[in-house]
Amino acid sequence: MTRLGQGVSSNVHSLLHKREENILAGKVKSLVSEKISPSIEEMGYEVVDIEYIKTGDGMELTFYIDSDNGVNIDDCEKVSKVIDPLLDQLNPTDDQPYTLCVSSPGIDRPLKSERDFKRNQGKEVSLTLFAKQNGQKVFEGLLQGFDKETVTLIVEGENITFSRGQVAHIVPIIKF
C-alpha cells in the first residue's frame, strides 16, 4: 500500500510540475508577444508563432517569422540580434536560462492566421478533422473560402464546408 501511495504522490507531483511549466510558458509567450513582437513587425516581418518549450538542454524560446519575400538565415540572424538585448532588458523568464531561436515556420506549416489562409486561397491543402466525417478524417482539395467559423474546400469538384471547431489542422500541399 505504501508503494501505491508513493506512486500516486509522484504522479500528482509530476502533473503539478507540468501544469506550472505550462502556466509559465503561457506567461512568457504572452509577455514577449506583447513587448517584443512589435519590434519584429517594425522590421517588416510577421510573427507567425512563439514557443517557449522544454528541450533536452533546458528551455527554448523560439520566434517563428515570415515575410512576403520568405525568410532566410540572414533574416533570422538580423531579428535575433535586434531582439536579444530587448529580451535581456525585459527578462521574461525571471532570470531562468533559455536558448533564443529565430526560425522560419517552413513552407508546410499549418494555416493559423487569416494571412495564412489568404496566402493559400485557391491552392491545394490537406485538412485533417478531429473526428471522422462520412468515414473520413483527411480531405485534400483547393481552399475555396474561409471565415471565422468555417473553411470551404473544393474536393473532386464539390464544395465541402467544415466548421473551424471540427478542424485539427490544415497544411498546404507542396509539390516539387
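The model is predicted, so local features need pLDDT of at least 70 and side-chain atom pairs count only at pLDDT 80 or more, while totals for chains, interfaces and linings use all residues. Residues are numbered from 1 along each chain as its sequence is written, and side-chain values use heavy atoms, with hydrogens and water left out.

**Largest pocket.** Next, select D66, G106, I107, R109 and R119, which lie nearest the centre of the largest pocket among its 20 lining residues. A pocket is an open set of points on a 1 Å grid over the protein atoms alone, where a 1.4 Å probe fits, with protein on both sides within 12 Å along at least five of seven lines; lining residues have an atom within 4 Å of a point. Then select residues 114-120: this is helix α4, which contributes the most to the lining, with three residues.

**Surface at F176.** Finally, select F176, in the segment after β8 (167-172). Its relative accessibility is 91%, and F176 therefore counts as exposed (over 50% relative accessible area, with a 1.4 Å probe and protein chains only).

Key: Helix = DSSP H or I, 4+ residues; strand = E, 2+ residues; numbered from the N terminus. Buried < 20%, exposed > 50% of the residue type's maximum accessible area, 1.4 Å probe, protein only.
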